[in-house]
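Student: Could you take a close look at one part of this model, and state the cut-offs behind each term as you go?

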Amino acid sequence: MDTNLPRERMADAAREAAPREAARPGRGSDLTGRVAVVTGAARGIGRAIALEMAMNGADVVAIDIAGPVSPSSDAEPATAAELEQTTLRIRALGRRTCGIHTDIRDIAALRAAADHIERAFGRIDILVANAAIQRWMPLLKMNDSDWLDIVDVNLNGTANTIRAFAPKMVARRYGRIIVLSSMQGKKGTKHAASYSASKWGILGLAKSAALELGEHNITVNALIPGLVDTKLTRYDKRLRESMAETGRAPPDHPLPEQAWAARAPTVALEVGWLQPDDVSPAAVFLASDAASMVTGAEFEVTAGDSAKTI
Ligand SMILES: NC(=O)c1ccc[n+]([C@@H]2O[C@H](COP(=O)([O-])OP(=O)(O)OC[C@H]3O[C@@H](n4cnc5c(N)ncnc54)[C@H](O)[C@@H]3O)[C@@H](O)[C@H]2O)c1
């Protein structure tokens, strides 16, 4: 590289000198030879991303607390059997895997997991910081855990995950980090302020990490799902909130199908609820060679909610 070039040309020259992936069919999905780590992979969107990555060639380590998280979490806890089911399905796809029971609030445990995975799998190329909890509660009725636990798991836990795993990527000068935010992280949410605030915070975290880690050839992007049918969303209180958002008075115990039918006409693609595997292909793309110049970005998969925000 010509070191006499003006400073602003140096970055371009460095990029031209570096080996680049030429265009080839499938480069937006092929993860052959990559090792991915996905948190919150026992079920829902995390499991769908883990399986989609395995289907596209990656070995995938599934991390989950697989048990109760906080008295303020509205969703029923995931189980050890669900985490095992994720790893069984990855193995059935012919990929290497292991399941690790860890709380993302515990950075020492995450660092130990990163060391273990690097020893066992040889490398860590892809990190998906997906684990989170949610609380539906008016701000002035919240007790301390309704605020603190949601922010601690979602925002501090996502930061812990990056801080524990990114050093392995820095050492190898390669990494793809994907964090999960939410449309609730792009606008206010009546009765879910702690969740909304945590998901806005994740966007600030991701963009800051993208600025710091770019020089190490690591991309950091936020994946933003619309409303997805998982245990995070499928219970009375959430179904009532989603119906109320459409202006309909919800019954005490709405059926998921009622909430879906109320919401569908308000969404461009007329889909009341996305499925987890509607979202997972975008994570594969962001982890692929085709996305090597995508960083600091927000990637929305919402069936049309995106059209209502700027
Ligand atoms: N479902 C939706 O509509 C929706 C919409 C936008 C964003 N999201 C985001 O997508 C991600 C996945 O959500 P989901 O709907 O699949 O939820 P889910 O409840 O089905 O799965 C979340 C998983 O994270 C795990 N987890 C929670 N706290 C943990 C902790 N402290 N340590 C380790 N694991 C922990 C849970 O055990 C669970 O397996 C979350 O970040 C969520 O905020 C979901």
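Tutor: The shell around the ligand consists of 17 nonpolar, nine polar and five charged residues (Ala, Val, Leu, Ile, Met, Phe, Trp, Tyr, Cys and Pro count as nonpolar, Asp, Glu, Lys and Arg as charged, and the others, Gly among them, as polar). This is a predicted model, in which local features need pLDDT of at least 70 and side-chain atom pairs count only at pLDDT 80 or more, while totals for chains, interfaces and linings use all residues. Residues are numbered from 1 along each chain as its sequence is written.

In total 31 residues surround the ligand, with G40, G44, A78, A132 and T230 the closest (the C-beta atom, placed from the backbone, lies within 6 Å of the molecule). Two or more residues of this shell come from each of α2 (44-55) and α5 (144-172) (helices, H or I, of at least four residues, and strands, E, of at least two, are DSSP runs numbered from the N terminus), and α2 gives the most, with three residues.

In the loop between α5 and β5 lies R173, which has a positive phi of about 55 degrees although it is not a glycine. R173 counts as exposed, with 11 C-beta neighbours inside 10 Å (exposed means 12 or fewer other C-beta atoms within 10 Å, buried 20 or more, and partly exposed in between, with C-beta atoms placed from the backbone).

Strand β5, residues 175-180, is mostly covered, since six of its six residues are buried. Both of its faces are covered, with G175, I177 and V179 buried on one side and R176, I178 and L180 buried on the other.

Strand β5 also has pairing partners. Strand β4 (residues 126-129) runs parallel to β5 and is joined to it by four bridges (strands pair if DSSP finds at least two bridges between them), and within this pairing I126 stands opposite R176. The chain passes from β4 through α5 to β5 in a right-handed β-α-β crossover (with the strands pointing away from the viewer, the path from the first strand over the helix to the second runs clockwise).

Strand β6 (residues 218-225) pairs with β5 over six bridges, likewise in the parallel sense, and I177 stands opposite V220 in β6.
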